[in-house]
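Hi,

Here is the structure I promised to pass on. Have a look at it first, then read on for what turned up.

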Amino acid sequence: MRIAVVGSGYVGLVAGACFADLGHDVILVDNDERKLAALKNGQVPIHENFLPELLSRHRGHRLTFSDDLQEAVRLSSAIFVAVGTPPTERGEADLSYVESVAREISGAISDYKVVVEKSTVPVYTSEWVRKIILRNGTDPSHFDVASNPEFLREGTAVTDFLFPDRIVIGCDTERAANILRQVYEPLTSGSYYERSDAIPQPDRTSIPAPIIVTTTKSAELIKHASNAFLAMKISFINAVASICESVGANVNQVCHGIGSDSRIGPRFLNPGIGYGGSCFPKDVMAFRAVARECGYDFRLLDEVMRINEDQRDRFLRKVRSALWTLRGKHLGVLGLAFKGGTDDIRESPALFLVQALLQEGCKITAYDPAAMERTQETMVSGLKFAGSAYEAAAGADALLILTEWEEFANLDLNRLNQELKYPIVIDGRNLYDPEVMAAQGFTYYSVGRAACHPEGVPAALRNGAKKA
Ligand code: UGA
């Protein structure tokens, strides 16, 4: 099938490359000339597993790049709209890019097409897209608007796309649903997975991929409600972690206990310094705004956001309780990205904390396996960068772990201890076992678990997380 994907951001680029890998002919459209030139030249603008492989497999053959939206629409049966929907000051999604794409494509529709929302958009967007296309003179029998939300996570975007828990297609006509069924047929029939060059199947996925067909509005809501629910799960466990700290319980044990209930499940129950990234913060706010507009006061979501912000403040209080005054203190920081496996620093809780600590007068040397360049481009002066975790720790008064990179969970603890001026680790991602850390000579603070100290540390030095 010929497919146009409009917007070469995270979702558009990954979707375009994956559609090509499924055997479709894809035109990826963007109006940013520099981006297009870079993609045509073989550059890969985002840090994403398997994406370089897919781009080099299909670039120039099944995957082409263009700035001519109308031509791409004319050539395609399905047009996936994956342009940005940034938050406005009031927390709503700004849909002006979606509207302008809808306006522009209407002039190019002369036979039947499905216009598919791929960006995360509020419910009713499909109605508006339909209205805009009609208003610009398109024959109503020549198109349908559908919603096909994306559930990919940064860092595992390609495998999330190709091995999804489910594919949701929201269509109000059988004709549109059939086109989208065809688009995903290699995944739903399982034929993709039989190919020798298929991207390898990750753990915990089942194939073939199930497809859920809904109305367009339901699909729009599924996306917002899914992200809001996952954010709620994280805030819930962060709130439980705070209670664990107050009473001396261990949040890992609590997570294991509640996550073993198959109705709850163990995933997205990792406490930490709160969720960040380009999706959860924006989508929870947008869903809150959508609900308000629809006449429902979704206050639960306010609380989800409040707990998330509070989690960062609690971590700052923990740093203070470990180090007392902060001015002039030298801190090593591991992690700048909003989560492990990505170079994305948008709404990163790690960066928020780094900024707050710099403002308090700390001197920070940070290391991140992928996000240092991006941080350097956007961030505040005064932050130093290191070439490794050990270099970040060298001579520091304490080490802070702020992103859940796998390599940070496997450090040589002896070496780390030697590098630090004081063997204090404040872990915002619970990457280590407190007892192991204490046995290795560290004073170790984490989230939702009691602080641990090496044997023989005098009581006066044991200022636990309880005070945080
Ligand atoms: C999220 C959703 O997980 C995807 O399903 C969705 O498609 C995507 O948003 C989107 O709307 O485009 P993503 O933002 O890439 O994906 O990252 P997540 O893995 O969900 O992590 C989000 C944040 O929550 C990170 O800051 C992470 O560190 C934090 N988190 C995650 C926790 O604090 N605890 C957890 O247990 C899980």
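Start with helix α15, residues 349–359: eight of its eleven residues are buried, so the rest of the structure largely encloses this helix. Keep in mind throughout that this is a predicted model.

Which residues of α15 are buried? They are Pro349, Ala350, Leu351, Leu353, Val354, Ala356, Leu357 and Leu358. And what do they pack against? On the helix side, the partners are α14 (299–323) and α16 (372–378). The strands that the buried residues of α15 pack against are β9 (330–334), β10 (363–367), β11 (383–385) and β12 (398–401).

An α-helix has 3.6 residues a turn, so residues three or four places apart point the same way.

Both ends of α15 have a detail to look at. At the start, a side-chain oxygen of Ser348 comes to within 3.2 Å of the backbone nitrogen of Ala350. Just past the other end, Gly361 has a positive phi of about 95°.

Now zoom in on one residue of this helix. Ala356 sits in α15, and its relative accessibility is 17%. Buried means under 20%, so Ala356 counts as buried.

Next, look at Val319, which belongs to helix α14. Is Val319 buried or exposed? It is buried, with a relative accessibility of 0%. Leaving out neighbours within four places in sequence, Val319 is in contact with Leu326, Leu357, Leu400 and Ile426. In sequence, Val319 and Leu357 are 38 residues apart, and their C-alpha atoms are 9.3 Å apart in space.

Here is how the whole protein looks. It has 19 helices and 14 strands. Its radius of gyration is 24 Å, close to the 23 Å that the globule rule gives for 468 residues, so the protein is as compact as a globular protein of that length. Along the principal axes, the C-alpha atoms fill a box of roughly 80 × 50 × 40 Å.

Of the 468 residues, 55% are buried. If you take contacts between residues at least 6 apart in sequence, 70% of them join residues at least 24 apart. The accessible surface comes to about 20,700 Å², and carbon and sulfur atoms account for 50% of it. As for charge, there are 50 positive and 59 negative side chains, with the centres of the two sets 4 Å apart.

A few spots in the backbone are worth a look too. Most residues other than glycine have a negative phi, and most peptide bonds are trans.

- The peptide bond from Ile207 to Pro208 is cis, with omega near -5°. Pro208 is in the loop between α10 (191–194) and β8 (211–214).
- Trp324 is not a glycine, yet its phi is positive, near 65°. You will find Trp324 in the loop between α14 and β9, and it is exposed, with a relative accessible area of 72%.
- Asn430 is not a glycine either, and its phi is about 50°, again positive. Asn430 lies in the loop between β13 (424–427) and α19 (434–439), but it counts as buried, at 14% relative accessibility.

Asp160 is part of helix α7, residues 157–162. Is Asp160 buried or exposed? It is buried, with a relative accessible area of 14%. Apart from neighbours within four places in sequence, Asp160 is in contact with Phe151, Leu152 and Arg153.

The other one is Trp128, in helix α6, residues 125–135. Trp128 counts as partly exposed, at 45% relative accessibility. Glu99 is 29 residues away from Trp128 in sequence, while their C-alpha atoms are 8.1 Å apart.

Cheers

Terms used: Residues are numbered from 1 along each chain as its sequence is written. Side-chain values use heavy atoms; hydrogens and water are left out. Helices (H or I, at least four residues) and strands (E, at least two) are DSSP runs, numbered from the N terminus. The radius of gyration is taken over C-alpha atoms; the globule rule is 2.2 Å times the number of residues to the power 0.38. Buried means under 20% relative accessible area, exposed over 50%, partly exposed in between (1.4 Å probe, protein chains only). Contact means heavy atoms within 4.5 Å. Accessible areas come from the Shrake-Rupley method with a 1.4 Å probe; for residues, only the protein chains shown count as cover. Lys and Arg count as positive and Asp and Glu as negative; His and the chain ends are not counted. The place of a charge is taken as NZ of Lys, CZ of Arg, CG of Asp or CD of Glu. A polar contact is a pair of N or O atoms within 3.5 Å; within protein, one must be able to donate a hydrogen and the other to accept it, and residues adjacent in sequence count only if both atoms are side-chain atoms.
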